[in-house]
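Please look at the structure below together with its sequence.

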Amino acid sequence: MSAEADPGSTPGEPRAKGAVSAPGPDGQPRKVSRRFPLFTRDTARPEGGGRAAPGDAPAPARQWPLLCVVSLVGLGLLLTALDVFRVGTMLVGIALVGGAVLRWALPDVGMLAVRSRFTDMVTYGVLGLAIVLLAMMAQPKPWLVIPFLDDTLHFTI
């Protein structure tokens with residue numbers, strides 16, 4: 001197909017046949033390859049990694065989901081340092097579970113989005129749940145007793 005037959009092209013415009021990608025460094029269109037590139041020049045933003053507030057909002061307002069999770073984790077660590085171990089550790093786990101819920105419920109969460117939505121939700125949720133369960137099973141006087149874990153511990157020691 002020539003440039004004259006294509007109504008949307010101009011006579012001096014560079015052309016490439018088949019699927020093309022963005023122009024290369026020389027300005028010419030490059031053919032798309034299904035191979036992985038040898039050198040990565042860029043990384044894609046994670047799904048949902050856009051701003052959580054409009055661009056004209058101040059920086060803290062644009063990242064409010066991350067700030068909520070980080071502030072709850074900070075409060076939990078402060079309580080743990082002040083010798084309220086169980087409550088502080090549970091607050092850290094609850095903050096991670098809250099991050100998973102925010103990642104699921106909101107279309108854009110800013111820097112709380114690290115990987116794909118599914119991977120972030122599973123990672124935050126599993127780690128948060130594990131931290132909460134371990135905090136509830138901590139000695140002395142555990143709030144939660146799971147008998148087979150006690151047997152497993154005695155078997156391994």
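In helix 2 of this predicted model, the buried residues are Pro-65, Val-69 and Gly-76. Viewed down the axis of helix 2, these buried residues fall within an arc of 30 degrees, so they line one face of the helix. The face of helix 2 turned away from the buried side carries Leu-77 and Ala-81, which are exposed. What do the buried residues of helix 2 pack against? Their partner is helix 3. Helix 2 itself consists of 18 residues, and the distance from its first C-alpha to its last is 25 Å, close to the 26 Å expected at 1.5 Å a residue.

The interior comes next. In soluble globular proteins, nonpolar side chains tend to be buried together. Here the largest nonpolar core has eight residues, namely Val-69, Leu-96, Ala-100, Leu-102, Val-109, Leu-112, Ala-113 and Tyr-124. Helix 3 gives the most to this core, with three residues. Ala-100, one of the core residues, touches Met-121, Tyr-124 and Gly-125, if residues up to four places away in sequence are not counted.

Attention may now turn to the loops. Gln-63 lies between helix 1 (59-62) and helix 2 (64-81). Is Gln-63 buried or exposed? Its relative accessibility is 18%, and residues under 20% are classed as buried, so Gln-63 counts as buried. A polar atom of the Gln-63 side chain lies 2.7 Å from the backbone nitrogen of Met-111. Apart from neighbours within four places in sequence, Gln-63 is in contact with Val-109, Gly-110 and Met-111.

Most residues other than glycine have a negative phi, and most peptide bonds are trans. Asp-83, in the loop between helix 2 and helix 3, has a positive phi of about 70 degrees although it is not a glycine. At 69% relative accessibility, Asp-83 counts as exposed. In the loop between helix 4 and helix 5 (147-156) lies Pro-140, which is joined to Gln-139 by a cis peptide bond with omega of about -5 degrees. Lys-141 is found in the loop between helix 4 and helix 5 as well, and its phi is positive, near 55 degrees. With a relative accessibility of 73%, Lys-141 counts as exposed.

The chain as a whole can now be considered. The protein contains five helices and two strands, and from the N terminus on its elements run β-β-α-α-α-α-α. Of its 157 residues, 23% count as buried. Its accessible surface comes to about 11500 Å², of which 68% belongs to carbon and sulfur atoms.

Terms used:
Residues are numbered from 1 along each chain as its sequence is written. This is a predicted model: local features need pLDDT of at least 70, side-chain atom pairs count only at pLDDT 80 or more; totals for chains, interfaces and linings use all residues. Side-chain values use heavy atoms; hydrogens and water are left out. Helices (H or I, at least four residues) and strands (E, at least two) are DSSP runs, numbered from the N terminus. Buried means under 20% relative accessible area, exposed over 50%, partly exposed in between (1.4 Å probe, protein chains only). A polar contact is a pair of N or O atoms within 3.5 Å; within protein, one must be able to donate a hydrogen and the other to accept it, and residues adjacent in sequence count only if both atoms are side-chain atoms. Contact means heavy atoms within 4.5 Å. Accessible areas come from the Shrake-Rupley method with a 1.4 Å probe; for residues, only the protein chains shown count as cover. A nonpolar core is a set of buried Ala, Val, Leu, Ile, Met, Phe, Trp, Tyr and Cys residues joined through side-chain atoms within 4.5 Å. The expected span of a helix is 1.5 Å times one less than its number of residues. The arc is that of the directions from the helix axis to the C-beta atoms.
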